[in-house]
Each structure stands twice: as C-alpha cells, then as structure tokens.
Amino acid sequence: MPVARYIFLQLKEVPQARVLIRRLLHEITTGQHWDGGKPQSTLNIAFTHQGLRALELPDATLLSFPVEFQQGMKKRAAILGDTGLNSPEHWDEVWQAESVHVWLGVHALSAEALETRCSAIAALLGETGGATIIGAQDAASAIVNGKQTTGEHFGYTDGFGNPDYLGFARSSQPGQGKLMPDGSWAQLATGELLLGYADEAGELPVAPVPHILAANGTFMVYRKLHQNLATFRAFLDENAALYGGGKEKLAAKFIGRWRDGTPLELSPDGPDQSIVKDPQRNTNFTYGADDDGTHCPIGAHIRRVHPRDAFGFNGRLIDRRRITRRGLPYGRFAAEDEQVSDTEDRGIIFMALNANISRQFEFVQQQWIDYGNDAHQGNDKDMLLGNHGGQGKYVIQGDRAAANPPFVCANLPNFVELRGGDYFFLPSITALGMIAMDLVDPR
Amino acid sequence: MSNINGKVYAMNAITPMKPWKTWVLRLIFFILGHVKPLQNDLINLSFIEFARWVVVPRNKFPALGNGQVKEELKYDYLLFFSNFNGTWNQYIDAFSAVLAKGLNLIWRWSEKFPGSVPVTIFKEYIARVQFDTDYYYTAYPHATANDLKSAHIVQAGFNSLSKRALNSTPEQFAADYLSFVIQVQTHLGETGEAPVVF
Amino acid sequence: MPNQNGTVYGLTILSPIINDEKATPSHDLQIRKYLATLPTGENSPFAQTPGTHLARLVVMDDVIYVGMPACEEHLNSKYLIFESNLDGGPTGDLDSYLRGLAQSIPEHLDAIWSHCVGYPGAANAQAFVDYMKACQLETTFFFAAVNDKSVPETLRALQTQSAVTDFIATHQGMEPSRLQAEFVQFANELKATPVPPAGSMPDLVHRGFRSPSEEIKTGGHNE
C-alpha cells in the first residue's frame with residue numbers, strides 16, 4: 001500500500017485503555033486472505049513493554065519478555081552503536097521520552113482512504129478515552145509517472161531483501177529463503193518470524209509466557225532513519241570523479257545493486273531490467289564465485305545483511321540472522337538535479353519483524369552494519385548505514401579492468417542518522433483479545 | 001568483565017567424565033590432531049584465536065606435598081579453554097549451527113551433556129559448567145583471528161612489493177602496485193575497539 | 001607433541017592454592033584481589049616479558065556438579081590455572097619462556113604464586129621453572145588460528161596493515177613516478193617506526209585519512 005501513517009499512543013487509565021483495545025480488535029487487519037481484493041486501508045497494532053505495563057499485565061508475564069524488549073531501544077543505544085549523531089539526544093522528542101505505549105500502523109491505498117481511517121481511529125480514541133495521540137509519522141512510496149515504486153531517497157530501488165518463510169501464502173522467490181547444500185533455496189522455518197513455531201535451531205523460540213500470549217506474535221523494531229541527501233549526492237559526485245567505473249557503478253558498489261535494482265553479482269557491468277522484472281532471477285544469486293569482491297564488494301550493504309553463502313557452511317551461519325523488513329520512505333522526493341539540503345525532513349521508516357530482537361535485528365545491526373569482522377572487514381562499517389562520524393573507509397574491490405578498479409572511499413560522513421524508535425511486540429489477534437479482556441495469566 | 005579483553009573472550013569450562021570414557025576422548029583428539037582435514041570446519045569458523053582441551057585424570061591433579069590434601073575423585077575432568085572473537089551467544093550459536101557433530105563427538109563423554117542441538121538447552125549446560133576468568137591478557141586486543149590472518153597477508157605482499165620497488169621503472173612499479181592492491185584488497189579492515197557486549 | 005601447534009606452545013599450569021583456614025582473607029581470595037587490580041593492557045606483566053600471545057589466570061574453586069544421575073564430588077584444594085599461548089619456536093622451548101617470566105616480572109609472580117603450595121619464589125629461575133613444570137598438565141588438543149607467527153611478527157603485521165591501508169587510500173590515481181617515490185619513502189619510514197607495544201590498543205584515530213600533501217604519520221599513532 002502506497003501511503004501510511006504511524007500513530008503513537010500513550011494509554012490512559014487501565015479500564016478505558018482496555019475498552020479501547022477491545023474496540024480496536026474489530027478493526028485490526030488479520031492475516032486472513034483478502035477475498036474481496038485489497039481493502040482500502042489496513043490497521044495493525046503493537047505495544048512497547050511500557051505499553052504492556054500500562055495495561056497491567058501480570059508482573060510475571062512482563063518479566064518473561066526478553067531483556068532487550070523490557071529495556072527498550074533507547075537503553076540499548078551503546079549496543080546498537082547509536083552514539084554520536086545517532087545517540088538518543090538527537091532523537092525526536094517522542095522517542096527520547098520513551099513515552100510511546102502503542103504503535104498503530106495505518107496503511108491505505110490513497111490519501112483519502114488514509115484520512116478516513118485515521119479520523120475513525122481518532123473518533124474511537126475520543127469516545128473511549130483510552131489513549132492520547134502523542135505523535136504521528138506519515139510515510140509514502142515514491143510515485144514516479146503516477147506509479148507506485150519501491151524507490152528511496154538516495155535513488156536506490158528497495159524491497160528485494162525479504163526472507164521467505166514456511167507456511168506463508170506469499171509467493172516465494174529463489175534467494176529469499178535459506179540456501180540448501182544442493183544450491184537451491186528453501187523456505188526458512190516459521191519460528192524465525194513468528195513465536196510458537198519451530199525455528200531454524202529445531203526448537204520453539206524463546207518467548208514470553210503464557211504460550212498463548214506469544215504464539216503467532218512477533219517483535220517489531222521501529223527506527224526512523226533520516227537521510228542526508230545533500231551529503232550523499234555530494235559524496236557520490238566527488239568520488240565518482242575519481243572512480244574509473246563512473247557514477248552509477250560507484251553508487252551500485254555501495255549497496256550491491258545498481259540503482260534500478262539489478263544485482264551486481266548477476267550483472268556487474270550494467271543494469272538489466274530483464275533481471276529486475278523477473279522474480280526468479282532478481283534475488284537469485286550467491287557470492288561463492290566472487291570471493292574477492294570484484295563484482296559485489298565484500299562490504300556492500302546487501303552482502304553484509306544477507307551474506308548468503310559468503311561465510312561458507314552453505315549459509316547455515318546466517319539462517320537465524322534474517323529479518324523481515326517493512327516500512328516506507330517519508331518526506332518529499334527530490335529530482336536528481338534539484339537542489340537539496342540535509343536539513344529537509346526526509347528518510348526512511350525502518351521496521352524489522354523477527355522472533356528475537358537480540359539474536360536477529362540487534363546482532364545484524366551491531367555485528368554486520370556497525371562492525372565488519374564476520375565479513376572480514378575488521379571494524380569497517382556499512383557504507384550507507386554506518387555511524388561513521390566523518391571517519392572510516394569503504395573498500396571497493398576491483399580488478400585490472402579500467403572500469404572496475406580497486407577504490408577506497410575515505411572520511412565517510414553519516415549518510416543516515418537515527419532520529420528515534422523503539423521495540424514493539426505485535427500480538428496475534430487471540431493475544432490481543434486476551435490483553436483487552438485482562439485474561440493473561442502467567443504460568 | 002574480566003572474561004573479555006578487547007575483541008577476545010576467555011571461556012573456561014569443566015565437565016566430569018567417567019574414567020573409561022576418557023580413553024575414547026583421547027583417541028578422538030589424537031585422530032583430530034593427526035588428520036588435518038577434520039579440523040577444516042574449526043579453521044573456517046575463523047573466530048577462535050586459540051583453543052585447547054585438557055584431560056585431567058582424577059589422580060593427576062598436581063599434588064605438591066607441604067600439607068596439601070590429595071584429591072580423591074571418581075571422575076576424570078575435561079577442561080576447555082577458548083579464546084574467541086564475538087559474543088558468547090554468537091559463539092555458541094555458530095557452533096551449534098555448523099559444528100554440532102564435532103561438538104557432540106568431544107562432549108558426549110561428559111556427564112549430562114544434552115547435545116549441541118537444539119541450542120537453548122545447550123547454552124544452559126555451558127552456563128552451568130563455565131567458570132569465569134580472573135585475569136586476561138592479549139598482546140593484540142584490537143585484532144580478531146580474521147584481522148591477524150589478513151595482516152600477515154598484507155605484510156607478505158608488502159615485503160615483496162618493497163623489494164621490487166627499488167629496482168623497477170615507474171611503469172613497472174605502477175603495475176606491481178596494482179597487483180599488490182588487488183592481492184590485499186579484501187584484507188584492509190581497520191582494527192580497533194570491539195562492539196559493546198550484549 | 002600435543003602442547004605444540006606450529007611455533008606456538010600451549011602451556012597449561014594448575015597450581016594448588018594453599019588451604020589455610022586461619023588465613024583471612026583466604027589465599028584464593030588474595031590471589032583474586034591481586035589479579036583484579038593487575039593491568040591488562042600494555043602495562044600488563046605479560047607485556048613486559050616476551051613471547052605471550054594470549055594468557056589467562058583463573059582461580060578454580062571447585063569442580064561443578066552437573067546434576068543427577070552424575071555424582072556430586074568436590075576438590076580438596078582450589079587451583080590457580082595459568083593458560084598461556086606462547087612463542088615456543090620450532091622446538092617448543094618452554095624453559096626460555098619460564099625463565100623470561102622469572103627474570104622480568106619476579107615481583108608479580110611472587111605476589112600471585114606465593115599463595116600456592118610449594119612455590120619456591122622467582123629469585124631462583126631454575127627452581128621456578130621446575131615448580132611450574134611440576135604443575136604442568138599436558139594439553140590434549142591445541143588449536144591455533146595462526147600457528148607460525150611470533151608476537152613481534154604479529155604486532156608488526158598489524159601495524160603494516162594499518163599503514164598500508166592509509167597509504168592506499170591517500171594515493172589513488174597518482175601518477176607512477178610520484179607513486180613510486182612516495183612508496184619507497186613510506187616503506188623506509190615504516191621500517192624505522194617502532195612496533196606498538198604488546199597489549200596496547202593502538203590509538204587508531206587513524207580513521208581520518210589525509211591527502212599526501214599533509215605529512216603522513218605512519219605507525220598507527222595519529223593525533
């Protein structure tokens with residue numbers, strides 16, 4: 001859906017809050033098939049630990065949630081590398097205050113549908129007196145020639161990375177799941193995303209008690225990532241002048257895909273829309289034949305966050321480090337030749353869904369984005385997302401071809417800055433009902 | 001956190017073994033030591049700097065007289081010391097995911113070993129048999145096993161290049177230099193502080 | 001020889017700690033206390049004496065009861081474990097290492113091991129070596145990621161890696177004769193730069209790269 005608004009609520013007195021949740025139960029979009037085609041808008045709900053405390057779930061239940069969820073994202077700043085420009089003191093007020101109890105995600109097919117749904121929600125809040133709105137964030141897909149695209153502000157085409165799980169009706173693509181010894185791709189265990197199902201380690205993932213509260217639920221990481229578009233464009237232009245492969249190739253080398261989405265691994269010399277448009281090909285590749293990074297640099301973004309076979313062992317070291325990404329860009333899109341400024345409000349709302357925040361999201365953020373040892377890159381950070389602070393470097397491996405030379409980008413600025421966020425629990429409808437009706441019993 | 005120094009973590013573990021099982025384990029280690037390809041997985045995991053297993057037969061705890069009471073034990077003990085990079089969770093997750101058979105081969109002779117898969121119960125066992133380090137020193141806290149291997153590759157390439165640099169023409173040197181850069185281009189990761197432990 | 005892997009030697013020492021109920025604090029606690037305040041960086045005693053890659057000292061209180069049906073049992077003494085990964089050279093020369101310890105850091109050795117049974121003191125190097133060997137356990141299986149480089153070679157290689165990265169980043173697109181001249185100068189300067197001290201976390205604020213027009217400071221110590 002092309003437009004969205006994320007609404008942040010603070011719950012009021014418990015009885016009214018529970019009434020609100022009960023009323024929202026009827027509005028929440030479930031995973032059932034949309035037989036009548038897509039609805040005009042959808043609504044989802046998630047809670048911070050603060051929010052669950054505000055709803056007075058039993059203490060024993062609250063304490064059974066994973067430590068990182070109990071602490072919330074702000075307290076995990078040092079672990080996530082959210083220091084310097086990304087530290088909480090630079091966050092939007094609503095996140096600094098750690099006052100968000102509930103996240104409501106409204107997605108819609110049009111701006112009108114969005115407003116209609118949001119008004120209805122506001123009315124519900126007024127009627128029940130269950131919560132106040134303490135913040136909101138609009139987001140929307142880039143529209144190019146009247147069509148919805150998956151582009152983001154730096155000009156890259158997003159949306160290829162999502163993993164593929166057992167038991168989900170979405171169409172699966174080779175390259176999204178886990179790598180099998182024979183080179184084919186299989187679906188990941190459901191328990192890597194949803195609690196209450198077997199995960200890749202052959203057990204039920206660690207989850208809060210009681211079982212029914214956790215089952216079919218998941219954890220969501222919400223991060224507002226401001227993008228410094230002016231800095232990015234200037235940096236790209238400056239370095240492109242020195243780089244033998246030219247500007248578009250340099251941009252491709254940062255991420256691992258040409259800006260139109262063509263994977264470097266499949267088409268190192270130029271973009272190829274025929275690959276992009278073919279779901280059987282656009283994410284179907286491995287890095288085994290590119291050990292030296294001459295096609296896709298070994299520190300490129302997509303190679304860092306989804307190493308596929310790059311760590312050996314048929315990819316088994318990475319199967320439990322996958323995350324499902326949701327979220328949309330926010331802010332006004334600027335044409336390539338338009339003057340822009342870093343202070344303009346634009347970026348991407350990053351939302352990651354996973355069964356275990358510390359093993360999946362936090363691990364990837366700490367070990368693969370803000371650090372590089374597993375990728376044999378020492379302390380080097382992810383080129384685009386890393387918290388560089390003006391330092392550090394990015395090595396682009398090359399060969400003797402003049403259009404593919406080895407190249408080092410140094411003195412890296414922060415292209416992306418964190419402006420806030422938190423950790424949320426996204427309960428199943430059953431669990432939501434139990435929360436609403438105060439039926440949660442710890443073991 | 002005295003278990004950690006820079007990028008390396010010192011893990012100590014002790015597990016009891018029925019004495020007849022110790023002989024099986026010794027044989028396994030003997031084979032592992034002499035059949036190098038069996039160590040490949042361990043080498044490819046590349047986050048262990050040094051690791052050792054020490055079998056301590058029940059009557060071989062050092063006894064130095066001077067009033068020390070000798071040990072009277074039923075079990076032999078297996079001591080394990082690892083110096084690894086990364087977090088405790090990452091380390092055990094990795095072993096459980098890719099070296100389960102090898103781990104089982106070494107630890108199944110220890111009492112109450114639950115198997116290395118699934119991982120949560122395995123981690124509980126390790127937490128029970130692990131004891132903490134009081135003092136940990138490393139000559140290179142800023143480097144991981146990967147950094148070390150890369151550094152040696154860069155040094156070797158640099159030595160060759162330096163020799164040739166003295167006697168070549170600028171064009172020859174430029175070509176040699178490009179070859180050198182290509183040779184070391186995946187080995188230039190910066191060294192430094194480790195990420196915060198979690 | 002399972003204690004050896006290439007030129008690295010895996011030393012495992014278990015020293016029984018004196019068990020004296022009248023000592024307060026007890027000997028094991030005194031060791032722990034001393035170790036808690038001992039520096040672990042470039043001021044570590046192990047940095048003052050050559051040959052130690054990685055080493056640890058652990059007071060082992062007791063064996064661990066893993067639960068039924070295993071039997072519960074206890075040690076009669078506590079033990080000080082000394083696990084060291086050291087340069088033994090091709091012959092696995094342990095004696096030189098132990099003598100090196102006795103000669104360079106006797107005060108620390110005495111402060112720690114005087115709490116152990118039968119410790120003769122470090123003043124007599126041979127007695128110290130014999131004592132350590134009496135407490136030595138054979139390493140059954142020893143794994144090393146890198147088993148053929150000494151500590152100085154390792155520190156030198158890390159320094160080179162850092163300096164070379166800096167050079168590559170600041171000499172891109174340079175014309176050949178200037179590149180060659182600057183490289184030769186760089187190589188000479190690097191050779192003359194002392195290796196950072198063992199155990200130190202080099203001040204790698206090295207992440208800011210300067211253009212060749214600025215003075216290149218090599219050796220990994222930048223402002």
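Student: Into which domains is chain B divided?

Tutor: Chain B has domain 1 (4-131) and domain 2 (145-184); the bounds come from an automatic or database domain assignment. The model is predicted, and accordingly local features need pLDDT of at least 70 and side-chain atom pairs count only at pLDDT 80 or more, while totals for chains, interfaces and linings use all residues. Residues are numbered from 1 along each chain as its sequence is written, and chains are lettered from A and ligands numbered from 1 in the order in which they are written.

Student: How many Å separate the centres of domain 1 and domain 2 of chain B?

Tutor: Taken over C-alpha atoms, the two centres are separated by 40 Å.

Student: And which domains does chain C have?

Tutor: Chain C is divided into domain 1 (4-137) and domain 2 (151-207). Their C-alpha centres lie 37 Å apart. Nine residues of domain 1 of chain C and six residues of domain 2 of chain C take part in the contact between them, where contact means that the C-beta atoms of two residues, placed from the backbone, lie within 7 Å.

Student: Now the chains. How many residues does the contact take from chain C and from chain B?

Tutor: The contact takes 72 residues from chain C and 75 residues from chain B. On the side of chain C, the elements that each supply at least two residues include strand S2 (8-16), strand S6 (141-144) and helix H6 (151-170). H6(C) gives the most, with twelve residues. Helices (H or I, at least four residues) and strands (E, at least two) are DSSP runs, numbered from the N terminus.

Student: By class, which residues does that side of chain C have?

Tutor: That side of chain C has 43 nonpolar, 22 polar and seven charged residues. Ala, Val, Leu, Ile, Met, Phe, Trp, Tyr, Cys and Pro count as nonpolar, Asp, Glu, Lys and Arg as charged, and the others, Gly among them, as polar.

Student: Which strand of chain B do bridges join to S6(C)?

Tutor: Strand S3 (residues 48-56) of chain B is joined to S6(C) by four bridges, and the two run antiparallel. Two strands pair if DSSP finds at least two bridges between them. Within this pairing, B:Trp53 stands opposite C:Phe141.

Student: What does B:Val69 touch?

Tutor: Not counting residues up to four places away in sequence, B:Val69 touches C:Asn76 and C:Ser77. B:Val69 lies in the loop between S3 and strand S4 (76-85) of chain B.

Student: Is B:Val69 buried or exposed?

Tutor: B:Val69 is exposed because 11 other C-beta atoms lie within 10 Å. A residue is buried with 20 or more other C-beta atoms within 10 Å of its own, exposed with 12 or fewer, and partly exposed in between, with C-beta atoms placed from the backbone.

Student: Back to chain C: how many residues of S4(C) are buried?

Tutor: Nine of the nine residues of S4(C) are buried. C:Tyr79, C:Ile81, C:Glu83, C:Asn85 and C:Asp87 point one way from the strand, and C:Leu80, C:Phe82, C:Ser84 and C:Leu86 the other way. S4(C) pairs with S2(C) in the antiparallel sense over nine bridges, and C:Val8 has C:Asp87 as its bridge partner there. Eight bridges join S4(C) to S3(C), also antiparallel, with C:Leu54 opposite C:Asn85.

Student: Which residues touch the most other members of the largest nonpolar core?

Tutor: In that core of 225 residues, they are A:Trp103, A:Met220, A:Phe424 and C:Leu80. H6(C) gives the most to this core, with nine residues. Such a core is a set of buried Ala, Val, Leu, Ile, Met, Phe, Trp, Tyr and Cys residues joined through C-beta atoms within 7 Å. Leaving aside neighbours within four places in sequence, the contacts of A:Phe424 include A:Trp103, A:Phe219 and A:Met220.

Student: How many residues of chain A are in contact with chain B?

Tutor: 34 residues of chain A are in contact with 29 residues of chain B. Helix H5 (77-80) and helix H13 (358-369) of chain A are the elements that give two or more residues to the side of chain A, and H13(A) has the largest share, five residues. By class, this side has eleven nonpolar, 14 polar and nine charged residues.

Student: What covers the buried residues of H13(A)?

Tutor: The covering elements include H5 and strand S9 (218-227) of chain A together with helix H3 (88-98) of chain B. Eleven of the twelve residues of H13(A) are buried, among them A:Arg359, A:Glu362 and A:Trp368.
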